[in-house]
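Hi everyone, thanks for coming along.

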Amino acid sequence: MRLIQITHHDLDGYGASTVAAACASVERVVHVPRYSDVGPVLEDEIKRLGRASEGEILLMTDLGLEEQTIAGLKKFAALNKRREEGRKHRLVVLDHHASSLDQLRRLGLEPAADPARSGLNRVDLGDPEMSVLIEEDLCATRMTFEHRALFATHEPAADLSSLLAAVDALDLWRKESPAFRGGLALDELFWETVSSFIPVGHPWHDRFVSDILLAAAEILRTGASPAELEQRATAIRTGVVDALLREAPDDDPALTTRMRLARALARSDTLFRPLKDGTLLSFALDSGTFQRVSDLIMDAGRAKRVVNVQRMGTLSFRSNDGTALDGARLFRGGGHRDAAGGRLQSGSAFSMTDAIAQVEPVLNPEKPAGSDSPFAALKNWKG
């Protein structure tokens, strides 16, 4: 079955996606920074699953269950009830937040303690294809490993023990654990990596982050100190990038990592979406990456204007025809003719689809019906 994962945008969330990818072929990963955005993301996935002809697996990890998300779980159950046998979807929710238990109880869903596993709570939504598990004493990364039978197709080839121990100690703040200092070092490396090189949305993103986490965890497993891991971080990253760009026609190892990756990012058909006027839109790019990549895109003639939308609602326009400022002015912004910025009216965006839905109608408003008619100009003519 096709496997899609929705996970948190932090070390534990990426640890969970790293474990999932080691146990199964994950077609797509959606990373959600804010629990308040989980509901809309789940809603989009449910709409897509409603149109899917074959059954799929939706894996949700390290995401606090707020009211809108719990409503989504109920919608999933209702959707599955309408589907014929053999084409039903499977939902696996692996969570460890005490607040999720509170919210479920408040909405009339009483978690039941698993008699065979201390600390594990299960939530019955009346659908055997839905497994909603909450286990406060484990991080989501370890939960994904412990409950892999719910989605896995094979056993991991790599030794994940060091990764599991480090993330578990850090995420649950077990300072007495021998793995805690390694978890802190892994967390620092993660945040330096996750948004600065290959952005969310690019096909290489999850592989890039996971390969770095696995390589770093292996170094910790051999007994390296946090300082030694920090000293080797650049070599780890370079090795991962060398593997990614091994067959890239324009790679130049003499350049910095950002410069090398920017060439590949500028060719991406998934990282940038064309708007009706030819502007290319990207979502949640690091500002330094956007600057480099937008320049390469325009030099290659792919677009004359590029806009990047951040999750917190800010927009950055770049152009080579003086139209960046024109775009920014439509979003209460300003700046230079070819480099300007603005802000979404709503104040935030939770996905590429959401960003397009907010930007497109402002940049390219629909014309009134009949406005293209040769008689339209006469409508208000009074002679």
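Let's begin with a pair of strands: β1 (residues 2-8) and β3 run parallel, joined by six bridges. Before going on, a word on the source: this is a predicted model, where local features need pLDDT of at least 70 and side-chain atom pairs count only at pLDDT 80 or more, while totals for chains, interfaces and linings use all residues. Residues are numbered from 1 along each chain as its sequence is written, and side-chain values use heavy atoms, with hydrogens and water left out.

My element names come from DSSP runs, numbered from the N terminus: helices are H or I with at least four residues, strands are E with at least two. Two strands pair if DSSP finds at least two bridges between them.

Back to our pair. Leu-3 has Ile-57 as its bridge partner in β3, and Gln-5 stands opposite Leu-59 of that strand. β3 is also joined to β4 (residues 90-95), again in parallel, by five bridges. There, Leu-58 stands opposite Leu-91 in β4. To get from β3 to β4 the chain passes through helix α3 (residues 67-82), and this β-α-β crossover is right-handed; that is, with the strands pointing away from the viewer, the path from the first strand over the helix to the second runs clockwise.

How covered is β3? Mostly: six of its six residues, 56-61, are buried, where buried means under 20% relative accessible area with a 1.4 Å probe, protein chains only. Glu-56, Leu-58 and Met-60 point one way, and Ile-57, Leu-59 and Thr-61 the other.

Now zoom out to the sheet. It is open, with seven strands in the order β2-β1-β3-β4-β7-β6-β5, and the pairing is mixed. β2 and β5 (112-113) are the edge strands; each has a single partner strand, so one side of each is left without a neighbour in the sheet.

One residue I'd like you to find is Ala-140, in helix α5 (residues 140-146). It is buried, with a relative accessible area of 0%. Beyond its neighbours within four places in sequence, Ala-140 is in contact (heavy atoms within 4.5 Å) with Asp-12, Ala-16, Asp-62 and His-96.

Next, the spaces. On a 1 Å grid over the protein atoms alone, a cavity is a set of points where a 1.4 Å probe fits but cannot get out, a pocket is an open set with protein on both sides within 12 Å along at least five of seven lines, and lining residues have an atom within 4 Å of a point. Grid points are joined across faces, edges and corners, and a volume is the space filled by probe spheres set on the points.

The largest pocket has a volume of about 1,100 Å³. It is lined by 38 residues, and the closest to its centre are Arg-28, Val-29, Val-30, Val-200 and Gly-201. Elements giving two or more residues to that lining include α1 (11-23), β2 (26-32) and α13 (352-363).

And the cavity? There is one of 30 Å³ or more, and the largest cavity has a volume of about 40 Å³. Its lining includes Ser-196, Phe-197 and Arg-258. Helix α10 gives the largest share of that lining, four residues.

That's my tour; happy to take questions!

Key: Buried means under 20% relative accessible area, exposed over 50%, partly exposed in between (1.4 Å probe, protein chains only).
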